[in-house]
Amino acid sequence: AYLADGRSVAFYARIVEPAILDGRVRPVVLVGLHSGQGQQRAIDYPLDWKGSDAGFEAHGRFFLDEVMPRAESLYGASKKREERLVTGKSNGGDWALDTALRHPSLFAQSAPAAMARSKAKGVGTPGRPRLFITTGLFDPGIARSREIMARAKGSGDEVVLVEPVSGHGALFYQERLIQILAWAFGRQ
């Protein structure tokens, strides 16, 4: 599982490990992909930041050409499309969705949470990755997630929308992560 905002992966591992040990999710490698600080996060994660895709493209090359091969060789991350997930929250959710849509031969699934700006180009195209979209009912971007969900249904491929009673905060994503991993990889 490749997670945006990778600095949080050590924290997420403390949530995921007990879920693996008690059988709620299958064993999984968590790989954190962090963006730059401050405004750099907005440049690296969403497409069309201030009219340019340059930051997203550079971050994508780093991810595909350096991070993924290293995670596969050093940590045993899967090389199989069906065993890869990209996920993230807010701008990281935009990155997760747009990365999966741009590279459907590499990723079978994406779980964008609380998307902020994604244009979701190709989300209605048949053969796109499976999607688990989640946004809190009180998230200011909920209409965006619902609109993307409606477009995604047009592909005929799997799409799930989960709208917990929540806002946009970090706790919302932490509470969904086990559900996302169980959806993506199944239970033991």
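Predicted model: local features only at pLDDT ≥ 70, side-chain atom pairs only at ≥ 80, totals over all residues.
Residues are numbered from 1 along each chain as its sequence is written, and side-chain values use heavy atoms, with hydrogens and water left out.

Start with the helices, which are DSSP runs of H or I, at least four residues, numbered from the N terminus; strands are runs of E, at least two. Helix α1, residues 9–21, packs against helix α6, residues 170–185, at an angle of about 45°, and their axes are 10 Å apart. The axes are lines fitted to C-alpha atoms over the stretch in contact, and angles run from 0 to 180 degrees between N-to-C directions.

Which residues meet? From α1 they are Phe-11, Tyr-12, Ile-15, Val-16 and Ala-19; from α6, Tyr-173, Gln-174, Leu-177, Ile-178 and Leu-181. Contact here means heavy atoms within 4.5 Å.

Now the cores. A nonpolar core is a set of buried Ala, Val, Leu, Ile, Met, Phe, Trp, Tyr and Cys residues joined through side-chain atoms within 4.5 Å, and buried means under 20% relative accessible area with a 1.4 Å probe, protein chains only. The largest has 25 residues, and Leu-3, Leu-30, Leu-85, Tyr-173 and Leu-181 have the most contacts inside it. At least two residues each come from α1, β4 (109–113) and α6. Helix α6 gives the most, ten residues.

Leaving out residues up to four places away in sequence, Leu-181 touches Ala-1, Val-16, Val-25, Val-28, Leu-30, Leu-85 and Gly-186. Another core, of 17 residues, lies apart from the largest one and includes Ala-4, Met-68, Ala-96 and Phe-107.

Definitions and conventions: Buried < 20%, exposed > 50% of the residue type's maximum accessible area, 1.4 Å probe, protein only.
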